[in-house]
Amino acid sequence: MISRGREAEALALRFLKGRGLKLISQNYRCRFGEIDLIMRDGHTIVFTEVRLRRSNAFGGASASVDRGKQRRILAAARYYLSELRGSPVCRCDVVLLTDVKDNDIEWLQNAFTE
């Protein structure tokens, strides 16, 4: 059986592909952390965090991407970029879901920066 987290990532991936983004890597891991989806939006590399929360208690899905989580994503993104030639344009997006059975998806583009 597939976990709810994996279902959420699969739903987010379909959603982003439907908006023209292309998958580069899924569940990228390095010593600094993990990035759920690395996508390409034209010439821009998009580091995407997928968050699933059933409830808006405690701030919901968006509140779960706190400064600590943002720092880990940014560190992993810097490491990923260090392995590439050149310095591509990039951004960090967050895809928020309240359930994996409906299409209640909120896509926050350029959700945070350094």
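From the N terminus on, the elements of the protein chain follow the order α-β-β-β-α-α-β-β, giving 3 helices and 5 strands, where helices (H or I, at least four residues) and strands (E, at least two) are DSSP runs numbered from the N terminus. The structure is a predicted model, in which local features need pLDDT of at least 70 and side-chain atom pairs count only at pLDDT 80 or more, whereas totals for chains, interfaces and linings use all residues. Residues are numbered from 1 along each chain as its sequence is written, and side-chain values use heavy atoms, with hydrogens and water left out.

Of the 114 residues of the protein chain, 43% count as buried, a term that stands for under 20% relative accessible area, with exposed meaning over 50% and partly exposed the range in between (1.4 Å probe, protein chains only). The accessible surface of the protein chain comes to about 6800 Å², and 47% of this surface belongs to carbon and sulfur atoms; these areas come from the Shrake-Rupley method with a 1.4 Å probe, and for residues only the protein chains shown count as cover. Among contacts between residues at least 6 apart in sequence, 53% join residues at least 24 apart, a contact being defined by heavy atoms within 4.5 Å.

The strands are described here by their pairing, which requires that DSSP find at least two bridges between two strands. Strand 1 (residues 22–30) and strand 2 (residues 33–41) run antiparallel and are joined by 7 bridges, with C30 having G33 of strand 2 as its bridge partner; the two strands form a hairpin with 2 residues between them. Strand 2 also pairs in the antiparallel sense with strand 3 (residues 44–52), over 5 bridges, and I38 stands opposite F47 of strand 3. This second pairing is likewise a hairpin with 2 residues between its strands, and G42 in the turn has a positive phi of about 65°. Strand 3 and strand 4, by contrast, run parallel and are joined by 8 bridges, with I45 opposite C90 of strand 4. Strand 4 in turn pairs with strand 5 in the antiparallel sense over 5 bridges, and the bridge partner of V95 in strand 5 is W107.

Strand 4 is mostly covered, as 7 of its 8 residues are buried. R91, which has its place in strand 4 (residues 90–97), is buried with a relative accessible area of 13%. Not counting residues up to four places away in sequence, R91 touches L21, D41, T44, I45, V46, F47, W107, Q109 and N110.

Helix 1 has 15 residues and reaches 21 Å from its first C-alpha to its last, close to the 21 Å expected at 1.5 Å a residue, the expected span being 1.5 Å times one less than the number of residues. The buried residues of helix 1 are A8, E9, L11, A12, L13, F15 and L16, and they pack against strand 1, strand 2, strand 3, strand 4 and strand 5. Just after helix 1, G20 takes a positive phi of about 95°.

Aromatic rings of Phe, Tyr and Trp (its six-membered ring) are paired if their centres lie within 6.5 Å, planes under 30 degrees apart counting as stacked, over 60 as edge-to-face and the rest as tilted. By this rule the count comes to 4 aromatic pairs. The rings of F15 and W107 have their centres 5.9 Å apart and their planes at 90°, so this pair is edge-to-face. Because F15 lies in helix 1 (residues 4–18) and W107 in strand 5 (residues 105–112), the pair ties together parts that are 92 residues apart in sequence; F15 itself, at 16% relative accessibility, counts as buried. The rings of F47 and Y80, with centres 5.8 Å apart and planes at 80°, are therefore also an edge-to-face pair, and since F47 lies in strand 3 and Y80 in helix 3 (residues 67–82), this pair ties together parts that are 33 residues apart in sequence. Both F47 and Y80 are buried, and ring pairs link Y28, F47 and Y80 into a cluster.

A nonpolar core is a set of buried Ala, Val, Leu, Ile, Met, Phe, Trp, Tyr and Cys residues joined through side-chain atoms within 4.5 Å. The largest such core has 16 residues, and those with the most contacts inside it are I35, I38, F47 and Y80. The elements that give two or more residues to this core are strand 1, strand 2, strand 3, helix 3 and strand 4, and its largest share, 6 residues, comes from helix 3. Apart from this core lies another, of 15 residues, among them L13, L16, L37 and V46.
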